[in-house]
Amino acid sequence: MSRFRILPYGVLVAGCVFAIFPYFLTLLTAFKGPGQLFETAPWEPGLPPSTAAFDRLFASGFGGYLVNTVAVTAAITAGQLLFAVLAAYAFARLSFPGRDVLFWVYLSTLMVPPVVTMIPLYLMMQELGLVDTWAGLMLPTMLGTPYAIFLLRQFFRTIPADLEDAARIDGAGRVRTLLSIVLPLSKPILVTVTTLAVVANWNSFLWPLIITSSEDKRLLSVGIALFKSEIGVDYNAVMAGSLIALAPLLVLFIFFQRFIVRSVAVTGLK
Amino acid sequence: MLKPAPRRGRQAQRQRQTLAGYAMLAPSLVGVLGFLLAPVLIVIVLSLFDWKLLATPEFIGLANYRELFSDSDVWHSFLVTLYYVLICVPGTTILSLLLSLLVNRKLRGMKYFRALLVIPWMATPVAMGLVWTWIFDPGRGALNQFLAVFGIDGPAWLSSSLLAMPSVAAVHIWQFAGYNMLFFLAGLQNIPAALREASALDGASPVAHFFAITLPLLRPTMLFVLITNVIGSFQAFDTIFVMTEGGPGNSTEVATYLIYDEAFRKYDFGYASTISVLLFVVILVVTISQFVYFERRTTYDFS
């Protein structure tokens with residue numbers, strides 16, 4: 001191998017090690033006992049592995065946070081997908097008065113940062129009596145995001161309308177055409193939108209922090225953030241908690257790696 | 001196509017389509033109008049009120065804004081935010097551009113390298129914030145232990161008001177460099193290979209080719225990467241919440257953190273709304289100026 005090959009490989013390996021190292025460290029620290037934390041270097045494993053940190057975590061209600069996070073992520077993502085597909089289809093395929101104006105309104109809300117809406121949203125939820133409820137937690141985001149609607153609409157427009165016309169001549173209704181013609185052809189963009197939604201919903205922190213207060217509605221992100229104040233600096237437990245938050249997305253990534261890398265690149269193109 | 005339907009039939013069809021269109025839009029329309037647009041209007045209204053928890057809201061006109069402009073905490077937090085943006089955006093952009101040049105080569109196993117570099121993007125920011133807090137731990141943390149191998153006595157990264165901000169910003173760069181690399185990679189792959197051959201024939205070095213040809217052709221991607229990163233880092237909150245809580249002192253108290261603090265710890269919703277309006281205006285102005293700057297320059301289309 002010439003040095004022209006060795007150099008890029010060297011830099012690549014170094015970059016990948018740097019990208020993965022924090023995950024590796026989380027894994028090692030989570031399985032160390034309190035004594036092992038001080039006896040070993042951070043990058044050495046604690047032998048024998050100890051699950052004491054996980055026991056402490058689950059005793060403090062972490063199992064519930066995990067269940068909540070899975071359920072809330074699934075529910076919000078399902079809602080976002082359903083309502084975004086419906087809206088995108090209407091924008092791409094139907095013609096009705098006000099369509100283009102509304103599409104511009106949707107696009108303009110891409111510019112609205114969540115920090116700006118959080119105070120009014122909180123006060124709205126207070127008026128509706130939805131503070132510290134599941135509805136209050138999920139309602140603001142689960143009706144579809146403008147970004148997903150935009151990506152889906154752009155994709156739907158690339159599907160030849162003839163295909164749908166043919167199905168409609170055969171007597172299929174709007175919903176049938178959408179389900180049996182449009183969606184099967186839209187798998188790549190559906191993977192993209194689902195990935196972005198799952199990552200955003202799983203990681204979401206500021207809104208859950210504000211709107212929920214009772215422990216039975218707490219999500220993982222809020223749970224680990226409040227750790228420091230509730231348990232104190234206990235790196236074993238904190239890393240075990242972080243591992244529980246990080247691992248599910250990592251596993252998803254390993255399974256869908258090919259699609260995710262391709263689909264992220266799609267979102268940058270206009 | 002079908003032969004034209006009789007006039008009445010067409011009108012009925014149009015009505016049905018309008019009805020179907022609005023029915024399909026209805027849920028997301030509630031979301032967009034109720035939970036995105038209405039809050040923007042409400043936050044502006046709130047900023048004109050003295051609105052504290054349990055007290056009756058009182059209209060005070062522009063008094064919050066007058067207070068805002070003489071409030072050194074607000075000025076400080078916006079400067080701190082700007083500092084954060086000025087580390088994160090160039091850091092992420094340059095690193096991801098360099099990475100994209102590297103992973104654009106045709107080497108064996110490249111798709112695995114690309115995938116590994118993207119992984120940090122999915123990390124839950126609060127979880128990773130805590131992991132990096134552990135890495136930065138002055139005594140037992142991986143960074144200082146690593147430096148100790150070379151006989152270097154590492155500093156207390158997060159409790160130094162000088163180093164806390166660059167350390168927190170490093171986490172942002174670590175998290176998003178690989179992700180933004182994918183956008184540059186897509187941009188690079190749209191550039192015809194013939195251009196490189198042509199400039200090689202003219203005797204241009206790879207570096208000259210990069211600055212004269214590649215970089216100008218990447219402008220649309222550059223605009224996308226810059227805008228998304230600027231908007232994102234102006235709103236930094238999660239990692240700062242777990243890593244420094246705005247400290248030491250107020251050296252990492254970015255605008256979002258200040259808004260959170262005013263609204264949900266001090267329950268001063270009116271004043272917190274005023275700060276968020278200011279943040280919104282700043283983000284809008286910066287974003288629009290980026291658009292204008294890039295619009296003025298020529299873009300090239302090979303499609």
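Reader: Where does Y65(A) sit?
Author: Y65(A) belongs to helix 4 of chain A, which runs over residues 62-93. Keep in mind that this is a predicted model.

Reader: Buried or exposed, that Y65(A)?
Author: Buried. The cut-off for that is 20 or more other C-beta atoms within 10 Å, and Y65(A) counts as buried because it has 25 C-beta neighbours inside 10 Å.

Reader: Which residues does Y65(A) touch, leaving out those up to four places away in sequence?
Author: With those left out, Y65(A) touches R218(A), L219(A), L220(A) and G223(A).

Reader: What about contacts across chain A in general: what share join residues at least 24 apart?
Author: Take the contacts in chain A between residues at least 6 apart in sequence: 74% of them join residues at least 24 apart.

Reader: How does the radius of gyration of chain A look next to a compact globule?
Author: Chain A comes out at 23 Å, while a compact globule of 270 residues would be near 18 Å. Along its principal axes, the C-alpha trace of chain A spans about 75 × 65 × 35 Å.

Reader: And how much of chain A counts as buried?
Author: 44% of its 270 residues.

Reader: Let's pick another helix. What can you tell me about the length of helix 6 of chain A?
Author: Helix 6 of chain A covers residues 114-127, which makes 14 residues. At 1.5 Å a residue it should span 20 Å, and its end C-alpha atoms are 20 Å apart, so the two agree.

Reader: Where is the kink in helix 6 of chain A centred?
Author: On P120(A), and the kink is about 25°.

Reader: Why would you call helix 6 of chain A largely enclosed?
Author: Because ten of its 14 residues are buried, helix 6 of chain A is largely enclosed by the rest of the structure. P120(A), where the kink is centred, is one of the buried residues. Others among them are V115(A), I119(A), Y122(A) and M125(A).

Reader: What comes just after helix 6 of chain A?
Author: G129(A), which takes a positive phi of about 70°. Then there's D132(A), in the loop between helix 6 and helix 7 (134-142) of chain A. D132(A) isn't a glycine, yet its phi is positive too, about 60°.

Reader: How many other C-beta atoms lie within 10 Å of D132(A)?
Author: There are 14, so D132(A) is partly exposed.

Reader: Switching to chain B. Which loop holds E245(B)?
Author: The loop between helix 11 and helix 12 of chain B. Phi of E245(B) is positive, near 50°, and E245(B) is not a glycine either. With 14 other C-beta atoms within 10 Å, E245(B) is partly exposed.

Reader: And P248(B), where is that found?
Author: P248(B) is in the loop between helix 11 (238-243) and helix 12 (255-264) of chain B. The peptide bond from G247(B) to P248(B) is cis, with omega near -5°.

Reader: What domains does chain B have?
Author: The domain assignment gives domain 1 (7-59) and domain 2 (72-296) of chain B. Their C-alpha centres lie 34 Å apart. The contact between them takes nine residues from domain 1 of chain B and eight residues from domain 2 of chain B.

Reader: Which element gives the most to the domain 1 side of that contact in chain B?
Author: Helix 1 of chain B, with three residues. By class, that side of domain 1 of chain B has six nonpolar, one polar and two charged residues.

Reader: Last one: how many residues does the contact take from chain B and from chain A?
Author: It takes 75 residues from chain B and 71 residues from chain A. On the chain B side, the largest share comes from helix 1 of chain B, with 20 residues. That side of chain B has 56 nonpolar, 15 polar and four charged residues.

How values were computed. Residues are numbered from 1 along each chain as its sequence is written. Chains are lettered from A and ligands numbered from 1 in the order in which they are written. This is a predicted model: local features need pLDDT of at least 70, side-chain atom pairs count only at pLDDT 80 or more; totals for chains, interfaces and linings use all residues. Domain bounds come from an automatic or database domain assignment. Two residues are in contact if their C-beta atoms, placed from the backbone, lie within 7 Å. Helices (H or I, at least four residues) and strands (E, at least two) are DSSP runs, numbered from the N terminus. Ala, Val, Leu, Ile, Met, Phe, Trp, Tyr, Cys and Pro count as nonpolar, Asp, Glu, Lys and Arg as charged, and the others, Gly among them, as polar. The radius of gyration is taken over C-alpha atoms; the globule rule is 2.2 Å times the number of residues to the power 0.38. A residue is buried if 20 or more other C-beta atoms lie within 10 Å of its own, exposed if 12 or fewer, and partly exposed in between; C-beta atoms are placed from the backbone. The expected span of a helix is 1.5 Å times one less than its number of residues. The bend at a residue is the angle between axes fitted to the seven residues ending there and the seven starting there.
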